[in-house]
Amino acid sequence: MAKEKLKEYAIIGKPTPNVDGPAKVTGEAQYTIDMTLPNMLYGKLARSPYPHAKIISIDTSAAEALPGVKAVITGKDTPGGKYGLWRRFRELSDQECLATDKVRFIGDPVAAVAAVTEEIAIQAVELIEVEYEPLPAVFDPDDAIEDDAPMVHEDFPSNINATRHIEWGDVDKGFAEADYVREDDYVTQPIHPAALEVHNSLASYDKGTGRLTVWSSTQSPYFLQLGLSDALKMREGDIRVIKPHVGSGFGGKNSTMPDSVNAALLSIKTGRPVKIVYNRDEEFQTTEHRTAQHMRIKLGLKKDGQIVAMEVKTIVNGGAFTGLGATDLYLTGTFITMPYKIPNYRYDGVRTYTNTVWGTSIRGFGSVPGKFCAETQLERAAKDLGVDPLQIRKMNAVYPGYEAPGQYTFESCGLLPCIEKMETRVKEKWPKLEEDEGIGFAAFAYMSGGIFNWIDTPYAFSSAHVKVNIDGMVDLYTQASDIGQGHNTVAAMICAEELGVGIEDIRLHLGDTAHTYTDLGAWGSREVLMNGNAIKDAAAQVKNKLIEVARLKLGENIAYDLVSKNKRVYLELRPERGISYYDLVQDAIRANDGVPITGVGHYTPHNKGMISPAYGTGIMAVKAKTDKETGAVVCQDILVVHDCGQVINPLGVRGQVEGSIHMGLGYALCEEMPMDEGNVLNPSFVDYKILRTRDMPEIEFIEVPTYEPNGPFGAKEAAEATIAPTAPALANAVFQNTGAEFVAPVLKPETVLKAIRAAAAKKQGK
Amino acid sequence: MKKQLNIVVNGEPRELYVEPKTLLLQVIREHLGLKGTRPACDSSSCAACTVIVDGMAVKSCSILALQVNGKEVTTIEGLAEESQLHPIQKAFVDNWAFQCGYCTSGQIMATKAFLDENPDPTRVQIQEALDGHLCRCTAYNMIIEAVQDAAKRLQARKAEKGAA
Amino acid sequence: MKTITADFEYFSAATAGEALDLLAQHKDDDYRIIAGGQSLNTFMKHGLLKPEIIIDIKGASDLDYIKYDDKEGLKIGALTTHRKLEQSPVVAEKYAALVDMEVNVASVETRNWGTVVGDIVNADPAADPAPPLIALDASVVVASKEGTRSVPAEEFAVDLYTSAVEPGELVTEIQIPALPANTGFYFTKYSQLHGDYALASAAVLLTLDAKKEKCVNARIGLGGVGATPIRATAAEDILKGKKITDELLAEAAQAASEATEPISGIEASAEYKKELAGTLVKRVAKEALARAQKA
């Protein structure tokens, strides 16, 4: 049984302080924003004030004449390469270096300036005169698919950027067999990832070699290398991307963005290093967000609460470009079914181009809007049917080995034990409710990295190189990204555990495309499972070489198993017979003609369905109180029970659970990006509300261990799953207390007050 | 026209000449090259750039540098004691009180000023003291625990020194 | 990162007298006074204000004081920071609700550097100090080389971001009368997150008669629900001279709500804010009454 494989390790599973800790608490950790190079210039982008307009002319002469300005470029000065993450279908690489013929959203860059100071660059941008001819624009996804809608991309047949159809079972038959069918409409709001470090890049072009080095606040150095290669029409190998410490990403730093592209173009043009740093309002107005969705769900159940059929239709406001939106659209259609057994299912999703800033893969991507809709609908159905909210989730819960035909399979799955734990804990924790309090639940599941290859890489999804030196120091090279989630610590732990050495024996070399083997970066909770497998593979190769030497040296019967643990290689059954790791390394390297012992490991998932090799699951409960006179909702307490496989670092997992819930609760209470004709109305931290210290409740996190056969040491997704249930659990708590139903996740007081009154009116009407 | 600015930064007297429009944050990052103090919001609403001026936590992005003329400024670089991390820094590391680390300098400097004033705070007092500090990663709870831990460490150190 | 890009001439004053001299000299120029500058610097960073001259009074330490006596009440010097008001023992003792107010003004960092007077001169109608000052019947002392004048708190803000201070003038002090016996004072703001500007805020001061039966004086200040902070006199009149009951409070709350002229924003509509102001008045008055009864 899988469960038997869970075991005690020397390092895995032990709370381990962040390997980057000392650098981060002393301020010494270097982020791209902290970097300067000798002779560096400062770049700024001139941006469109119109959501949709033809560019008639651009006059840069006044800007060029300003003392201190070293270069001004427009679309005609670029190599004309188009770029995007969906490289597999080249028509979806739809971003230009600088807009040439027309602009497609407010903030679309039309020119770039490099100057000796940032202040001069700003002045120069103001001196660029662009003549626009405003075009009719489209902002609403439903309008965008009308026949006479203005076209966002003329080279596309329509404003339909992507469509997805998913179906299994016999949906019509399923609904016919249902005792209870309901349909609900939702309109979810866009939110911004709002990483504290803004997008910024420093590019340095070497005139002698024709090679480019770019430091950038990115989630994936490899994606940026590919994006720059496409945009600049340069060979990948001539572009080196280095990822310093990153002030977080949350999905907003997967795409190549104009800061990197234009810093590079300006550096190539001037022969000097150029740095572009966005302002916070540029960040909100022009960088990627979680898209708005207009969703309709039809759900059919048996009287007892068993789900028999589900049909989902969604139309997504994609904005001006693709980003990872096409993937988000697909994942929406699958994650909305999780973690439930749905025998008959049909999904139709449409992602539209519109004249707004575009949406992409924000934390929990594919799961967050859909889960809000599905979990609040399930709660309403349970209430109508008189079924307990935990019971309805339990009876429909997926189990180990569950397969959604042709789509996904749960190998490990601890959802039922999670729900059972929740049943007992919730009664202990909140035995009695006040009159203004309610408890809401939502169950969840999320992937451990994606299987999809839209980036079109020929490389392994993750790879790692491990080298052991004469003094026992282990160099670990991999492109995997730590953007704050703690992967550097996890990488060191996995490498150390497999080799049987200490964390202090590992020296990390991560995130530099010139010196490391490829990894696709930090998104979709992929690094622990995918990079972890690659590191474990590489370390195992080194370990096996060392063990071979140890066997010879110890002269033991080879039938005995040798293990490497706690810096010794020894006979598992007779631990006193062994050799120090440090002595062994010396012998091994001498025996290897003085060449350090190395291993190159890799991982690419094969035959694991359409989405991911493994899924974390669980259930969340939220206790909230609602002020029925003001509509104010306070989230008082959160309890989450999570099946996240073998935990690698309990500190990191808890941190990620807390952080996911914080972002989920912001989505639930106050985060939104209202737009007026493509103009984001709240582009600052004054008006874009992010929960602060006093606004956060304490979170109780209970972990239900499982062993995931596809993950390193049984590990899989942890924590990212917990963003999606937060908003529906909160809305369900308010629903249980007041009867209020919501069409959007954001429970602003006025929205809540109106919903409470509508519920009261409905009740009276009955 | 540039004006003279005399400040003591992390114990070292500095004499600078700055334009009156220069913000304290620019002096710290650009003139003195102390990059541990970081900008994030442009609107005086995240406190990532917090430093200590004459014992008070303030937002260096929202103060004209000339206003601190003659005062003592402490940045994150001035907190560690030679090669040793300060107890607050140790507590932040041990409690996983940061993830990306971008807001951490500000959180730690605010904690320093706060614990100097209130060495034995309650959870609510810590929340009030750090409420202006936006963190997109941690949900704050592990920061609060680090501050509680730091308070204990500082008290223990004080008791040790008292006994010695 | 945004910085201040427009240059300005800079003068600093070490005393109130020096400040008044500088103001007299630059009376007709495009100047701004900076104390803490916690709003002004952000406005300048965003290019919303580009004054040619900045007169810095942060160093005028003779304006940095909090004084109290039972006869004259509380005097808050113009350089008193929010934080000093928050931490003042005499304020905690005599006007406890002002401390509650301060704890929710922005952040500790802002309160450490920003001044209470600067906040009211900035005249953001959703800022916290004005409604309680109106309820407390405070006055604002405005000085110039020609002399001083006193402006009632409810007349101090004249429009959105515009105060009653004229060119050449300087606010030197806020004066708050000592509270009479049997008086309760309370303030609440509602903002979705702590420390944010108010969606609506209400301050209520109630004085009861010697038997603590009837209300002899009522003052109500509202924030966030108009171009300026508002004194809700009609609501005050409903309470004055009567025994305060839940019904009477509801009536006063309704009158207060009607006195508001909020505008719709991202967070809430005008209608919602109007209703919210009434709800707050009802709740705050109830607490003020409880405090008056205990006083």
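Mentor: Let us begin with A:Val640, which lies in strand 29 (residues 633–643) of chain A. Helices (H or I, at least four residues) and strands (E, at least two) are DSSP runs numbered from the N terminus. This is a predicted model, in which local features need pLDDT of at least 70 and side-chain atom pairs count only at pLDDT 80 or more, while totals for chains, interfaces and linings use all residues. Residues are numbered from 1 along each chain as its sequence is written, and chains are lettered from A and ligands numbered from 1 in the order in which they are written.

Trainee: Why does A:Val640 count as buried?

Mentor: A residue is buried if 20 or more other C-beta atoms, placed from the backbone, lie within 10 Å of its own, exposed if 12 or fewer, and partly exposed in between. A:Val640 has 27 C-beta neighbours inside 10 Å, and therefore counts as buried.

Trainee: Which residues is A:Val640 in contact with, leaving aside its neighbours within four places in sequence?

Mentor: They are A:Gly618, A:Met620, A:Val657, A:Ile699, A:Phe701 and A:Thr722. Contact requires that the C-beta atoms of two residues, placed from the backbone, lie within 7 Å.

Trainee: What makes helix 10 of chain A roughly parallel to helix 17 of chain A?

Mentor: The axes of helix 10 (residues 368–385) and helix 17 (residues 726–738) of chain A come within 8 Å and cross at roughly 30°. That angle makes helix 10 of chain A roughly parallel to helix 17 of chain A, because angles under 35 degrees count as roughly parallel, over 145 as roughly antiparallel, 65 to 115 as roughly perpendicular and the rest as oblique. Axes are lines fitted to C-alpha atoms, for helices over the stretch in contact, and angles run from 0 to 180 degrees between N-to-C directions.

Trainee: Why are helix 3 of chain B and helix 5 of chain B called oblique to each other?

Mentor: The axes of helix 3 (residues 104–117) and helix 5 (residues 141–163) of chain B come within 11 Å and cross at roughly 45°. Helix 3 of chain B and helix 5 of chain B are therefore oblique to each other. Their crossing is right-handed. The contact joins B:Gln107, B:Thr111 and B:Leu115 of helix 3 of chain B to B:Ile143, B:Val147, B:Ala150, B:Ala151 and B:Leu154 of helix 5 of chain B. These residues divide into 6 nonpolar, 2 polar and no charged.

Trainee: How many residues of domain 1 of chain A are in contact with domain 2 of chain A?

Mentor: 24 residues of domain 1 of chain A are in contact with 29 residues of domain 2 of chain A. Helix 14 of chain A gives the largest share of the domain 1 side, 6 residues.

Note on methods:
Left-handed = near helix turned anticlockwise from the far one by under 90°. Nonpolar A, V, L, I, M, F, W, Y, C, P; charged D, E, K, R; others polar.
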